[in-house]
Structure formats: C-alpha cells, structure tokens
Amino acid sequence: MASLLKRDTFAVLRSHHPQAAEVSQLQSRRQLHVEPGAREKALLAKDPALERFKSYRKGASRIRRIGDYLTIAVVAGCCYEIYVRAVTREEARKAASGSA
C-alpha cells in the first residue's frame, strides 16, 4: 500500500515539473565513456596461458547441442507418460462406473 502511495506521489511530482523529468531521463540515457586504464587493458588482453581452457572447438558446441536434444527428449517422454497415466485412469474410471 505504501509503495502505491509513493508511486502516485512521484507521478504527481513528475507531472508538475515536466522539464525536470525530461532532464533526468536524458541524464540516465547518456552514458559517460571513460577510457580504460593500463590495468583494465591488461586484464582485457588475451592471455596465451588461458587459451587451452576456452572452448573454441566445435566439440563443445556439439556436446551442448546434444544435451539440449536430450533435455527435450526427456521432457517429451515425461509429458507422454503423464498423458498415458491420465488416459488409463480415465478409462478405468469409466469402466468402474459402467460396471457398477
């Protein structure tokens, strides 16, 4: 409830001062660009010692794709199993009500 009141209060204030709202929107959209320093450049540079840990090979993407397909297959199997159980339960219910 308090958050609604705060939101309404800010909306009223913004409607009374449209120029201030426009200025604040422009300031939030503008992003200051600062040139990275020597330390940041050193951290962003390629390190040859780490090359063997990166998965540039096609094998990693192939394994990821196989995992995605297996996940889809497992989810489809679970959905099918739930469907089969629901259908057999409904048939059993109809058979029980028909014989009684």
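Trainee: How many disulfides does the count come to?
Mentor: Zero, taking a disulfide as a pair of cysteine sulfur atoms within 2.5 Å. This is a predicted model, where local features need pLDDT of at least 70, side-chain atom pairs count only at pLDDT 80 or more, and totals for chains, interfaces and linings use all residues. Residues are numbered from 1 along each chain as its sequence is written, and side-chain values use heavy atoms, without hydrogens or water.

Trainee: Switching topic. How many salt bridges?
Mentor: Two, where a side-chain nitrogen of Lys or Arg lies within 4 Å of a carboxyl oxygen of Asp or Glu. Arginine 85 pairs with glutamate 81 at 3.6 Å, N to O. Glutamate 90 pairs with arginine 93 at 3.4 Å.

Trainee: Where do arginine 85 and glutamate 81 lie?
Mentor: Both are in helix H4, four residues apart, about one turn. Helices are DSSP runs (H or I, at least four residues), numbered from the N terminus. Arginine 85 is exposed at 55%, while glutamate 81 is partly exposed at 39%.

Trainee: Where is confidence lowest and where highest?
Mentor: Lowest in helix H2 (residues 18-29), mean pLDDT 56, and highest in helix H4 (residues 58-99), at 93. pLDDT is the predictor's confidence in each residue, from 0 to 100. Where it is low, the predicted coordinates should not be read in detail.

Definitions and conventions:
Helix = DSSP H or I, 4+ residues; strand = E, 2+ residues; numbered from the N terminus. Buried < 20%, exposed > 50% of the residue type's maximum accessible area, 1.4 Å probe, protein only.
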